[in-house]
Amino acid sequence: MGRPWSVEDTQTLEDSWGTTSIKTIAKKLRRTETAINVRAVKLGLGAFLESGDYVSYNQIIRALNVNCSYKNTSWIEKRGLPIKYKTVQNNRFKIIKINDFWKWAEKNKAFINWSKVERNALGKEPKWVDEWRKASSKDKARFKTTKWTKYEDDLLKMLLSQKKYGHLEISKRLGRSTGAITKRISDLGIKQNPIKASHHAKWTEGKIKELTTLIDRGYSYNLLSEYFNVSSKSVRGIAYRLWGTENLDRILNKIKENENE
């Protein structure tokens, strides 16, 4: 008779099923691959995304490449991630119906970095996902997120001391987002700030329509700033005037509501 399955071993198997090879699971649990397959059948796990319409909560977290330490609060409690529970042989698992997940994801797509999500990691994707993946990848490639160097700090101080560059110009020189520059100025305790724009962009009806389209396609404020050649603050300002919020998730929901009217 084989070694009995503990609750912990069963949980590990369920969480790993479909995202980790059977060989790796077997090695981790110190069991044969046959034992892993037999247990999976008894638990009703079946083939990943083929025998059922749900995945485990941990599989979602892993597929989205995020840290799950705070997701119970921020995703489930605050944003209503549609968690359900499945009980198999006295073991209770968090699961999500894949169709419910995609409905939730569309409402919260600005909250997820799609460039970190492997294509079709959660089965067939809605059409909008790839567009958002491209936008996230472009955002990541355009602006550095590495640790600031002494050279960059010195260049930032020099540009500020000349009192003739705004956020946008400094952003282009350093390859950093305007938000990152503002934070670095604060972290370094620099008194001098970038000069304010001498004029605000005129947001015509055509530009507003373009802005709406780009937000719906996944453009961040950094990319919108670059696209319209205005500061991120200017884009946030028009967003607030149009939709009463700077939160991209809420703006997206308002855009969808307007489309359905």
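**Entry 1: ground rules**

I am working with a predicted model, so I kept to pLDDT of at least 70 for local features and 80 or more for side-chain atom pairs, while totals for chains, interfaces and linings use all residues. My numbering runs from 1 along each chain as its sequence is written, and side-chain values use heavy atoms, with hydrogens and water left out.

**Entry 2: overview and confidence**

I counted 14 helices and three strands in the chain; these are DSSP runs numbered from the N terminus, H or I of at least four residues for helices and E of at least two for strands. Of the 261 residues, 39% count as buried. Here buried means under 20% relative accessible area, exposed over 50%, and partly exposed in between, with a 1.4 Å probe and protein chains only. The accessible surface comes to about 15900 Å², and carbon and sulfur atoms own 49% of it; the areas come from the Shrake-Rupley method with a 1.4 Å probe, and for residues only the protein chains shown count as cover.

Next I checked pLDDT, the predictor's confidence in each residue from 0 to 100. The chain averages 82, and 89% of the residues score at least 70.

**Entry 3: two positive phi values**

Most residues other than glycine have a negative phi, and I noted two exceptions. Arg30 has a phi near 55° and lies in the loop between helix 2 (22-29) and helix 3 (33-43). Arg30 is exposed, because its relative accessible area is 68%. Asn229 also has a phi near 55°, and its place is in the loop between helix 12 (221-228) and helix 13 (232-243). At 45% relative accessibility, Asn229 counts as partly exposed.

**Entry 4: salt bridges**

My search of the whole structure gave 16 salt bridges, each being a side-chain nitrogen of Lys or Arg within 4 Å of a carboxyl oxygen of Asp or Glu. I took a few in turn.

Arg31 pairs with Asp9, their closest N and O atoms being 3.2 Å apart. Arg31 lies in the loop between helix 2 and helix 3 and Asp9 in helix 1 (residues 7-16), so this pair ties together parts that are 22 residues apart in sequence. Both Arg31 and Asp9 are buried.

Glu106 forms a salt bridge with Lys256, with 3.4 Å between the closest N and O atoms. This pair links distant parts of the chain, helix 6 (residues 98-107) for Glu106 and helix 14 (residues 248-260) for Lys256, 150 residues apart. Glu106 is partly exposed at 28%, and Lys256 is partly exposed at 37%.

Arg176 and Glu152 meet at 2.8 Å, N to O. Arg176 sits in the loop between helix 9 (167-174) and helix 10 (178-188) and Glu152 in helix 8 (residues 150-161), so the pair ties together parts that are 24 residues apart in sequence. Arg176 and Glu152 are buried.

I also found a network of salt bridges that links Arg119, Glu125, Asp130, Arg133 and Lys134.

Which residues of helix 6 are buried? I listed Ile98, Phe101, Trp102, Trp104 and Ala105. They cover an arc of only 165° around the axis, which puts them on the same side of helix 6; the arc is that of the directions from the helix axis to the C-beta atoms. The face turned away from this buried side carries the exposed residues Asn99, Lys103 and Lys107.

For helix 7 (residues 127-142) I checked the length: its 16 residues should span 22 Å at 1.5 Å a residue, and the end C-alpha atoms are 24 Å apart, which agrees. The expected span is 1.5 Å times one less than the number of residues. Its buried residues include Trp128, Trp132 and Arg133.

**Entry 5: Leu188**

Leu188 is in helix 10 and counts as partly exposed at 30% relative accessibility. Not counting residues up to four places away in sequence, Leu188 touches Asp153, Leu156 and Lys157. Leu188 and Asp153 are 35 residues apart in sequence, yet 8.5 Å apart in space, C-alpha to C-alpha.

Technical notes: Contact means heavy atoms within 4.5 Å.
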